Amino acid sequence: MQVIVVGGGAAGCMAAGAAGRQGHAVTVVERNPRPARKVMITGKGRCNVTNHCTVEEFLPHVRRGGRFLYSALTAFPPAETEALLEKLGVPLKVERGNRVFPCSDKAVDVVDALVRYAKDGGARFVQGRVTRLVIEDDRCTGVALEDGMTLSADGVIVATGGASYPATGSTGDGYALAQQAGHTVQPPRPSLSALESPDPFCVEMQGLSLKNCGLTVEDTQKHKIVYTDQGEMLFTHFGVSGPMILSASAYLDGMTPGRYRLHINWKPALSPEQLDARIVRDLEERRNLDIANALGKLLPRVLIPVMLRLCDIPADRKCHSLTREERRRLAAGVQDMPVRIDGFRPLSEAIVTAGGVELREIDPRTMASKKLPGLYFAGEVLDVDACTGGFNLQIAFATGMAAGTHMAP
């Protein structure tokens, strides 16, 4: 069989390597001069390739499409990804949260291994942009390129990625191809995204990085907590970012300005009683100072004027004259600082695209289209997404492996 893989990213390389090892002649059409550019920037350039866990432990981290992914993940679980990369010469290590990285901390080692896996399976890479599918007798029989060239095939795997980080080649081309074949495409939207806030203190504190704070996310429309975590976050000129914020963003469905509110706990390790005792001690030690100059051991300095304003405490109030009510407000503010949210950052900046090809129209075992014989989909172009921690790359690997393995005339 002649097989064309549209897109040379994580899913595309895996699909190409798998199809080649089934004896098919494989051509990968990649629009960039170098394949897998998005893989190069994952994990801050270190590439969190998968998560060291079982399928049962994996699925709760999938935000959309968990049931659909069960077959593909069972056939190619995280352990298989780890074994394959090790076999391809990429030693791996497991870090906090069972995140798996190359020992070299270099994403390029993973990229080189994926391309090598495809090429060793016989795949050839062609640079170009696929603009439409060739459909004859109600079957996908090839692709047409932007330069006018047409490539014929017995099967086509669309693995073009989503619409985030368009500079890496993920420009949403796969959605148009899917729609041409009669597929429904759920509207693309950001996931694993930084969040914008209208609160001016975010700008005031931009650059402040927190290593171990608590986060609770409230859905003010449904009056319930949708996410809790403890870890790292960052204040920026537009709002908030950082690993904990990116993870939380995957849970913010139906985003509208003001619907979600963050609650930050600056001292999650202290009980309310312990925090009050700490504040009393700090105030007593500096009893003749203005309170604005007395909280440096408790809070980052850039936060102090913000916190005092939020708690309605005059910055020039002497520590010894602070009332019990003001002290109570200060303690409450330290452990529950609200941050309003207006929305996600633009889709082009999101790590992952939510939305994509409707899963009910895809065979979950083979990734074959139920609409058009000869057409398959793999990776982020599908309406699947997961939390941070290596889960999204594993989804790309598993669906790519399923599509490449099950190519059929």
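Reply: A residue counts as buried when its relative accessible area is under 20%. The model discussed here is a predicted one. R278, a residue of helix 10 (residues 272-285), has a relative accessibility of 18% and therefore counts as buried. Apart from neighbours within four places in sequence, the contacts of R278 are with K297 and L298.

The largest nonpolar core has 84 residues, and the members that touch the most others are V143, V156, I157, L375, F377 and L382. Helix 13 supplies the largest share of this core, with 9 residues. For F377, when residues up to four places away in sequence are not counted, the contacts are V158, A178, H183, V357, I362, M367, S369, L382 and A403.

Helix 13 (residues 391-405) also packs against helix 1 (residues 10-20), with the axes 7 Å apart and an angle of about 30° between them. Because of that angle, helix 1 is roughly parallel to helix 13. The crossing of the two helices is right-handed. Helix 1 contributes A10, A11, M14, A15, A18 and A19 to the contact, while helix 13 contributes L393, A396, F397, G400, M401, G404 and T405. Classified by residue type, this contact comprises 10 nonpolar and 3 polar residues, with no charged residues.

Terms used:
Residues numbered from 1 in each chain as written. Predicted model: local features only at pLDDT ≥ 70, side-chain atom pairs only at ≥ 80, totals over all residues. Heavy atoms only, no water. Axes fitted to C-alpha atoms, helices over the stretch in contact; angles between N-to-C directions. Helix = DSSP H or I, 4+ residues; strand = E, 2+ residues; numbered from the N terminus. Parallel < 35°, antiparallel > 145°, perpendicular 65-115°, else oblique. Left-handed = near helix turned anticlockwise from the far one by under 90°. Contact = heavy atoms within 4.5 Å. Nonpolar A, V, L, I, M, F, W, Y, C, P; charged D, E, K, R; others polar. Core = buried A, V, L, I, M, F, W, Y, C linked by side-chain atoms within 4.5 Å. Buried < 20%, exposed > 50% of the residue type's maximum accessible area, 1.4 Å probe, protein only.
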